[in-house]
Protein chains: 2
Amino acid sequence: MLRSTVRKPLQLVSRARLSTASWTAARRAAPLQVGRVWWPKVQEYSTKIQPKLTAESYPDVHRFSGFKKLAEDDLSFFKSILSDSEILQAKADEDLALFNEDWMRKYKGQSQLVLRPKSVSQVSQILKYCNEQKLAVVPQGGNTGLVGGSVPVFDEIVLSLTQLNKIRDFDPVSGILKCDAGVILENADSFLAEHGYIFPMDLGAKGSCHVGGIVATNAGGLRLLRYGSLHGTVLGLEVVLPNGEVLDSMNALRKDNTGYDLKQMFIGSEGTIGVITGVSILTPPRPKAFNVSFLGVESYEAVQKTFVQAKQELSEILSAFEFMDLNSQRLTKEHLKDVPHPLEEEYPFYILIETSGSNKEHDDVKLETFLEKAMEDGTVLDGVVAQDETELRNLWQWREMIPESSQAGGGVYKYDVSLPLKDLYSLVEAANAKLTEKGLLSVEDASKPVISAIGYGHVGDGNLHLNVAVREYSKDVEKALEPFVYEHVSSKNGSISAEHGLGFQKKNYIGYSKNDQEIKMIKQLKNLYDPNAILNPYKYV
Amino acid sequence: MLRSTVRKPLQLVSRARLSTASWTAARRAAPLQVGRVWWPKVQEYSTKIQPKLTAESYPDVHRFSGFKKLAEDDLSFFKSILSDSEILQAKADEDLALFNEDWMRKYKGQSQLVLRPKSVSQVSQILKYCNEQKLAVVPQGGNTGLVGGSVPVFDEIVLSLTQLNKIRDFDPVSGILKCDAGVILENADSFLAEHGYIFPMDLGAKGSCHVGGIVATNAGGLRLLRYGSLHGTVLGLEVVLPNGEVLDSMNALRKDNTGYDLKQMFIGSEGTIGVITGVSILTPPRPKAFNVSFLGVESYEAVQKTFVQAKQELSEILSAFEFMDLNSQRLTKEHLKDVPHPLEEEYPFYILIETSGSNKEHDDVKLETFLEKAMEDGTVLDGVVAQDETELRNLWQWREMIPESSQAGGGVYKYDVSLPLKDLYSLVEAANAKLTEKGLLSVEDASKPVISAIGYGHVGDGNLHLNVAVREYSKDVEKALEPFVYEHVSSKNGSISAEHGLGFQKKNYIGYSKNDQEIKMIKQLKNLYDPNAILNPYKYV
């Protein structure tokens, strides 16, 4: 699929800078939405695939017989502490699909009850009761997870945080935000924009995902390169433990060295040892200037070389370095139909670079210097720089529409892995070779289940997204990919989950990323906090 | 003590920039040592104070009778796994003072045995044996701690990490460093400098303190503002648990979402649940340009206003924002004797600002713009900007020499607290008032125990260092200060330990910063990992 390209001058044409006035006006009208949301809301998406029940797809997984089945007396209890609008029950013509199915439509639970409390005290009472009664519970945020971690497997009660959605406090001097777990990420960021601050992470699903959900899954997203991980930016948490106890650790101090940092355990715990109800997070000043450049390069080696150059030249203003392969762009072109691609010709690899800083002129100079050098030495073959906010959004969509485009042909198997930088793309090549060898892949032949395996991701974090776009989900494809993908990652000392987590999908594969001692200690903590194992069962470990 | 000052033009005279050539030459000759080390090595310091045994100073603290007393068979075991140079025994004329006494000479233990293993396997064997035999152990790094956490209280065995001091691996593309816990911070940073990278934190004691020690105490230091906390930058740890099991979690991936992030619990655990033997940490590219400016302002309000302005104007290049009060500078002047102070006249408060970035010209413009604005509106009354590396070091010393200067008159009571920014300085005022009221303080009268209570610290992190400079340690002073200081901090919702930790000094005061649920969960973890409580007893919780 790779083809050679003709070297041509970089399209740095008529670089019309936004005047301060128009820039400010634009910002006032709508806060700058870098990394725009094209991620469809759960309610809106549809694919050709109707999900099967997880229980049918995975007959080896059995409902734990120690769990109580929901009974009338349980409902009576919930009705005694929750109002009608806080309780959703399955009816004959309504199977609570929105709460039982995941975003990829790969998993489908059979929950008959969704609880949507509006207060921490209600969450506490619910968990205390469920723990005593041994009723299994799945905490659920925006349900945008990609490993089946946020939907039930059998009849677990869904504890939805959707209605716990208030901003609690914001200090414009320190930049510390305190909010409920159910605040939608985009809403938190829009609120911060009004005060000149920015949420220190961003991801495609921002229009649906919850602040509590991204903390519970330790999401990485698009700006980790600039602002670091949530383990560094989250200052405090409020967590309801399985027994109903509330850990109120809503610290608003940047430094506090008194005792073990308990909150850290809940960051990335995927709802298995506690339900996050409140988050305190340090937010940085919103950058005054953004630049985005979209480049075409010859090889994966050129991607790496460009990254090292970008770190050197752009240093403190580099806020995103994303790469995409040719097939990811072809799928996206097909999906976006009439929208012209930023680059006229095709290249084996594409790079999106974002800078954000406090001085537009300085950032422009740094970016220009970098691009000139990268062009001069032949690393970058073609490229464009966004001239205004609209162009900036347009460039981002060629990265952000990839997940939806991968799924548009039917469905998608998604793998989110960490690998040493030099080995990052090897997995995509290996997956394509494997699927071709098994006779499962064809871009044209609609009788084959797989359309293509594509790769893209956050080079700065050593994080690859391998998406296998399929016409239909099939056991053959799954067998070809697993444990093959995990074995490949493990052989390169990578992680089988860079940011999506373990959930249901990767539960059995943790051994590829963690050693026995680690797994033992992880299980020890699970037993310590959730001895009845009522929280998010059949997943994680 | 505060006196009015005359407004005068900022000393931005003949700003001679270093040429690239001389700058590069200077860097080659000696890696840029911003934040130079004036912290005396433990072996070199001396004060007028001879420390009393902790057991005598704190008669309420009793040796735990469940601990075994060191016997011949124990020594035989240690001799069977360690060489002669790895074992230090107390002799008649040598009481192992370097290992029994802390840097402040406030605490003195009575250990008769120091073990200095050279391998992780030896550490594991030592702990396994001690756990089985119920021999208490104090892990010790560079012994630069300030809360008595790194020295024995009674006869605990000292487990010194000094000889576990190798750099294990460095990847110049990703910037990930792996090293033994006993590597001295300055050595790690010098090593990184050779590769164009920088250790993401810095502190006064860098010439003595260990990488493992700063992780075990979750040190904050001088550059937290720029690079964030160790919870974000540490990627992996190797930890020997009390039972001798080794948690090998030396991850070199920037992202890994598979299971609870176990290493986080050991960051800031002060050697109470495991001994850190290896550290994997993400290091950023070493900035190419540093600027330092030293300013005089009228009031603490002006300090805050300058901070907000600096965040706005300097944004991504702001790497340190330190404030110091007048008395801290007077003490330092006295100690440094003939060295001229950067500012001719005295001001109630001083500020040191450091910027670090990738483009000297851009940084100069940003700093100049910021200083002009701050001068124009009268916030900053006087100031100087370092013109070369020597000046830069000279300016830093007026911040970094404060700890030593506070101690030069005899001793010092150190409090390291977090407070909301607006309340930060209130504690220093309150402490001075209290000590004066009790008739304990006089700058001139040598019959009073206290010389002065001074304040300085990291404004960017809401972190105040309150140093009470004394002529001698006295129970009266201690009683006047404690729990008064902790009550004041608690009343403002601060933390009684921002970065120094709990150690021995603050063990009994954790309740001022943590609620019952938190303390319960902290104790639960201690019991989980160290059921025999052999590690660093009498401290932390």
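Domain bounds, as used in these legends, come from an automatic or database domain assignment. The model is predicted, with local features needing pLDDT of at least 70 and side-chain atom pairs counting only at pLDDT 80 or more, while totals for chains, interfaces and linings use all residues. Residues are numbered from 1 along each chain as its sequence is written, and side-chain values use heavy atoms, with hydrogens and water left out.

**View 1. Domain 2 and domain 3 of chain A.** The C-alpha centres of domain 2 of chain A and domain 3 of chain A lie 26 Å apart, and 34 residues of domain 2 are in contact (heavy atoms within 4.5 Å) with 30 residues of domain 3. Between them, these two domains of chain A bury about 2,800 Å² (accessible area, 1.4 Å probe, lost on being put together and summed over both), 59% of it on carbon and sulfur atoms. Lys506(A), Tyr509(A) and Tyr512(A) supply 28% of the area that domain 2 of chain A buries against domain 3 of chain A, more than any other three residues.

**View 2. The interface of chain B and chain A.** Here 86 residues of chain B are in contact with 86 residues of chain A, and the two chains bury about 6,500 Å² between them, 55% of it on carbon and sulfur atoms. Of the area that chain B buries against chain A, 16% is supplied by Lys255(B), Asn257(B) and Tyr260(B), more than by any other three residues.

**View 3. A salt bridge between the chains.** Lys255(A) forms a salt bridge (a side-chain nitrogen of Lys or Arg within 4 Å of a carboxyl oxygen of Asp or Glu) with Asp461(B), the closest N and O atoms being 3.2 Å apart. Across the interface of chain B and chain A the rule finds 8 salt bridges.

Notes
Chains lettered and ligands numbered in written order.
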